[in-house]
Amino acid sequence: MPVALVFQLHPLRDALLPPFLGRAAHAALLRALATVDAEAARELHDMPGQRPFTVAVLEEGVRYGRRETAARAGVPLHLRVTLLDDELEPLVARAVLPGSPVQLGQLPLLVGEPATDHPLAGRARYEELAALLEPGTRHPLRLRLRFFSPTTFHQGTHHLPLPLPKLVFGSLAERWNAFAPVHIAPEVVRGFEQLWVAAYHLETRLVDTGQGKLVGFQGWCEYRSDAVEPPVRAAARTLAEFATYAGVGHKVAMGLGQAGLALSCSPGRADRTTA
């Protein structure tokens, strides 16, 4: 089942954090997994294509770009790990234990208690998400996705920092089809071009990943589906719910593309959920 876990991390000293923590968080998780299952950690590191996890340090004070951010002893950070494979959760639970040491770059930390009440923690069931694909299910005409870490799409030799519907929902469909028991058909994926952007509030973010610089976008974007075929609308709703766990676009295993459903509106009423 898709799951989002949030762990407190307690710095052991004051330090300046680098502008991008994705590589450090990714490495910290794999090192922790290697302490309980070295082979599984190697497989995750070397896995081609879609990886069944994302990992990010998400804090209000952590800014992407050129600035360093202060971390202070006694003030916890939060490590967010999302998993798309049921077999990984018990492995992570054994590896990231309260009191165990972790390292983010040059900063030593201790793992605290899981933050089960954190707004970015949660879980779902593939069966529940797949039920939204069934004929006759009502779906919203508007879907607003919040992108709370820089998001971009790898296009050939370039990156495209725009939340075009076919890129956002196409990326989510790739991850869904890699891990979910029910697949979304290619003709439905092509139908995402029928969606259109109705509103947005976005800012660009420069990210130095340590392997090069890229530009991403951050904020929210609202998609409309009034004239879209029902199977496409159903898939868009399913994938918008799935985005909380899957991530969107390029380098989600290093914390880019963290996203979630922020608003959905049916023909008769509006429902709000926070991602």
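**Figure 1. Helix H7 of the predicted model, residues 230–246.** Helix H7 comprises 17 residues and spans 23 Å from its first C-alpha to its last, close to the expected 24 Å at 1.5 Å a residue; the expected span of a helix is 1.5 Å times one less than its number of residues. Helices (H or I, at least four residues) and strands (E, at least two) are DSSP runs, numbered from the N terminus. This is a predicted model, in which local features need pLDDT of at least 70 and side-chain atom pairs count only at pLDDT 80 or more, whereas totals for chains, interfaces and linings use all residues. Residues are numbered from 1 along each chain as its sequence is written, and side-chain values use heavy atoms, with hydrogens and water left out. A kink of about 30° in H7 is centred on Ala240, where the bend at a residue is the angle between axes fitted to the seven residues ending there and the seven starting there. Because 14 of its 17 residues are buried, H7 is largely enclosed by the rest of the structure. Buried means under 20% relative accessible area, exposed over 50%, and partly exposed in between (1.4 Å probe, protein chains only). Gly247, with a positive phi near 80°, follows H7.

**Figure 2. The largest nonpolar core.** A nonpolar core is a set of buried Ala, Val, Leu, Ile, Met, Phe, Trp, Tyr and Cys residues joined through side-chain atoms within 4.5 Å. The largest such core holds 37 residues, and those touching the most other members are Leu145, Phe147, Val168, Phe169, Trp176, Phe192 and Leu239. At least two residues of this core come from each of helix H4 (126–131), strand S9 (142–151), H5, strand S13 (213–224), H7 and strand S14 (259–265). H7 gives the most to this core, with nine residues. In soluble globular proteins, nonpolar side chains tend to be buried together.

**Figure 3. Helix H5 and its buried residues.** H5 has 15 residues and reaches 21 Å from its first C-alpha to its last, close to the 21 Å expected at 1.5 Å a residue. Its buried residues are Pro165, Leu167, Val168, Phe169, Gly170, Ser171, Leu172, Ala173, Arg175 and Trp176. Val168, Phe169 and Trp176 are also among the residues that touch the most other members of the largest nonpolar core.

**Figure 4. The largest pocket and its lining.** On a 1 Å grid over the protein atoms alone, a cavity is a set of points where a 1.4 Å probe fits but cannot get out, and a pocket is an open set with protein on both sides within 12 Å along at least five of seven lines; lining residues have an atom within 4 Å of a point. Grid points are joined across faces, edges and corners, and a volume is the space filled by probe spheres set on the points. The volume of the largest pocket is about 580 Å³. Its lining consists of 23 residues, of which Gln50, Gly249, His250, Lys251 and Val252 lie nearest its centre. Helix H1 (22–34), strand S10 (153–155) and helix H5 (165–179) each supply at least two lining residues, and H5 gives the most, with six residues. By class, the lining has six nonpolar, eleven polar and six charged residues; Ala, Val, Leu, Ile, Met, Phe, Trp, Tyr, Cys and Pro count as nonpolar, Asp, Glu, Lys and Arg as charged, and the others, Gly among them, as polar.

**Figure 5. Lys251 in the loop between H7 and S14.** Although Lys251 is not a glycine, it has a positive phi of about 60°. Lys251 counts as partly exposed because its relative accessibility is 24%. Lys251 is also one of the residues that lie nearest the centre of the largest pocket.

**Figure 6. The largest cavity.** A search of the whole structure finds three cavities of 30 Å³ or more, and the largest has a volume of about 60 Å³. The residues lining the largest cavity are Leu9, Ala28, Leu29, Ala32, Leu79, Val96, Val102 and Leu104. The lining divides into eight nonpolar, no polar and no charged residues.

**Figure 7. Arg80 in strand S5, residues 77–83.** Arg80 counts as buried because its relative accessibility is 3%. Arg80 and Gln8 are 72 residues apart in sequence, and their C-alpha atoms are 9.0 Å apart in space.
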